[in-house]
Amino acid sequence: MLKRALAIISLLIIGYWLAQGLAGVPFGQDRMLVGQYYLDHVKEQTGAVNAVTAVVVNYRGFDTLGEVTVLFIASTGVGALLWRKKRERTAKTEGSIVLTTGTRLLAPFIMLFGAYIFIHGHLTPGGGFPGGATIATAFLLLYMAFTVYEIPHKAFEKVEGAVGMSYVLVGLIGLAIGGYFLFDWIWQTWGWGHNNIGRLFSGGFIPVIYTVIGIKVGTELSGIVDNMLKEEVRE
Amino acid sequence: MEEASKISRYLYTVIVLFLIWLLLTASLDPQELGFGLILSLIVAAFTYEIFSTGGLANLHPKRVAYAIAYVPYFLWAMIMANLDVAYRVLHPKRPIRPGIVRCKTVLNSDVGKLALANSITLTPGTITLDVDGDNYFIHWIWVPDEAMTEKEEEHVKAASEGITVPFEKFLKVIFG
């Protein structure tokens, strides 16, 4: 009782303190310093219509590379924590026919929609991370509906590593051509898609990188689901 | 329904996925069409084995026509069932007589059974609880007198006529 009361009081104090800090920030007023630069130059500098993805992939590509690394470490960490020699799925109850047939029908649509999200990252809201998470949802659905379903591990791990390296490779090509890491060579040096802004084949290397991220996130989250669903079996 | 050949199943999956892509993008830009086709080919290569057992035979004109005709038919049944439930809710005596009944279906394919189960659930007043082979176990908001019999066959027959038969006319042709 005393513990709970103390916790509520300290939370109220912290909340009041944060509210005091935010009271000085004027909402709805133009306070953009660097933001105005992004909005003014995003089209001719990156070719993307979606300013958020241009910032995330182009202007501040290092952050995204870091996020991908964090996700990779999370996936590897789960794999390392749950590592056992003999691990199998021990679920016994197969879903009803409504669930299994529905899953069969839905899984391809979910995968296609995930691909739609990551390939249109430079045009519509979304990008590699939501697209990859959507694709992982399809695998989660297969895992939940079928007691024996397993992702093809060998292929998934190889694809995951290969696309992770190709992200760095795209950055290194930029280093060779433009002089710094993650330089957008497709847009700035080749000028590919310049007369095409707003259509699919534009946006410099954003669609390329988002395809890579989408596949990577999709395989990684599926791998985490796979690791967490399996249980140790004793002979 | 026996399995169609792999090529037929693959092509059917590609066609369905490409149609979905057309709806998603809502554009006829050649770039979108080309890329959508490539994506459909790739996604279908991964998923055609679980997606379809019937293959291209599903695109038989008669089946497609019945599927299109089924949409307004089903929507009408849904509206009438909704009004019926609204009447039962608003009626001062609240005339409900709930019960679980067993129906038999004539459908053979899994997809047809799924469609029937969803059609039953989406028309208010009836909810599919479980599907087991040919048997549907359905929760009904107003079990009519004909189904309140001790005899098993009569019960199943009355329940099926009230619930599954109206949908099966269409679903039998669409899914087999």
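Start at the interface of chain A and chain B, where 1 residue pair is in polar contact, both residues at pLDDT 80 or more (a pair of N or O atoms within 3.5 Å; within protein, one must be able to donate a hydrogen and the other to accept it, and residues adjacent in sequence count only if both atoms are side-chain atoms). Next, select helix α5 (residues 97-119) of chain A: this helix gives 15 residues, the largest share of the side of chain A that touches chain B. Helices here are DSSP runs of H or I, at least four residues, and strands are E runs of at least two, numbered from the N terminus.

A note on the model: it is predicted, so local features need pLDDT of at least 70 and side-chain atom pairs count only at pLDDT 80 or more, while totals for chains, interfaces and linings use all residues. Residues are numbered from 1 along each chain as its sequence is written, chains are lettered from A and ligands numbered from 1 in the order in which they are written, and side-chain values use heavy atoms, without hydrogens and water.

Now move to chain B and select strand β3 (residues 135-140). Strand β1 (residues 99-104) of chain B runs antiparallel to β3(B), joined by 6 bridges; strands pair if DSSP finds at least two bridges between them. Click C103(B) to find its bridge partner, Y136(B). Strand β2 (residues 126-132) of chain B is also antiparallel to β3(B), with 6 bridges, and D130(B) stands opposite F137(B). Finish at the hairpin turn between β2(B) and β3(B): 2 residues lie between the strands, and G133(B) has a positive phi of about 65°.
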